[in-house]
Amino acid sequence: MKQFNELNGKVAPLDRANVDTDMIIPKQFLKSIKRTGFGKNLFDELRYLDEGQPDQDCSERPLNETFVLNQPRYAGSSILIARENFGCGSSREHAPWALDDYGFRCVIAPSFADIFFNNCFKNGLLPIVLTEDQVASVFEQVESNEDYTLKISLENQTVTTPVGEIFTFEVDDFRKHCLLNGLDDIGVTLEDEEAIRVYERKRETEAPWLF
């Protein structure tokens, strides 16, 4: 899993509440479990004017020019800001996979659906909860300033705007440790790899018939 410490990133504003996981990555793309290749279908129903299919070449598909990710000013964004209850709906892990594969490292919203929120941390994506007023302020600044960027420090748990305004956010200590060190569930287990080996050698001596 990719580490997350500091990020200076361009912001893309998705001015919607209750964005569900089927909107993030539609159900027809859930057949693959490779974790990669989903970025081209992120927000598929909003980005394109036709219905997308797995393994389809998206280069010739008709674009919805009004959708935020199709606007040139937001190209290369690594931070997505949205309204409340982001990631609601079914508990598909493909949703953070698609966001990450597109290039987003962080999503900021006033609230998230619990399962999506947890899945983000397991896949190297940082979900940040700010107040509705703080989120509204960022939306206003993004829309009036092209190439608007935020500086995010996970270590300090801060979001800093271009004018020096600082917002703080909460994050669980364990999740913070995992993101800072790029540890998914398997990586956390492997931190105790030597202890596991010692135990296995001991068990092999005590109960050789098990091996």
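User: How accessible is Lys 2?
Analyst: Lys 2 is partly exposed, its relative accessible area being 42%; buried denotes under 20%, exposed over 50% and partly exposed in between, with a 1.4 Å probe and protein chains only. This is a predicted model, in which local features need pLDDT of at least 70, side-chain atom pairs count only at pLDDT 80 or more, and totals for chains, interfaces and linings use all residues. Residues are numbered from 1 along each chain as its sequence is written, and side-chain values use heavy atoms, with hydrogens and water left out.

User: Which residue meets Lys 2 in a salt bridge?
Analyst: The side chain of Asp 100 does, at 2.8 Å from N to O. A salt bridge here is a side-chain nitrogen of Lys or Arg within 4 Å of a carboxyl oxygen of Asp or Glu. Asp 100 belongs to helix 3 (residues 94–102) and Lys 2 to the segment before strand 1 (6–14), so the contact ties together parts 98 residues apart in sequence. Helices (H or I, at least four residues) and strands (E, at least two) are DSSP runs, numbered from the N terminus.

User: And what about Arg 83?
Analyst: Arg 83 forms a salt bridge with Asp 15, with the closest N and O atoms 2.6 Å apart. Asp 15 is in the loop between strand 1 and helix 1 (21–24), Arg 83 in the loop between strand 2 (79–82) and helix 3, 68 residues apart. Asp 15 is partly exposed at 46% relative accessible area, as is Arg 83 at 23%.

User: How many salt bridges are found in the whole structure?
Analyst: The search finds six. Asp 44, Asp 50 and Arg 61 are linked in a network of them.
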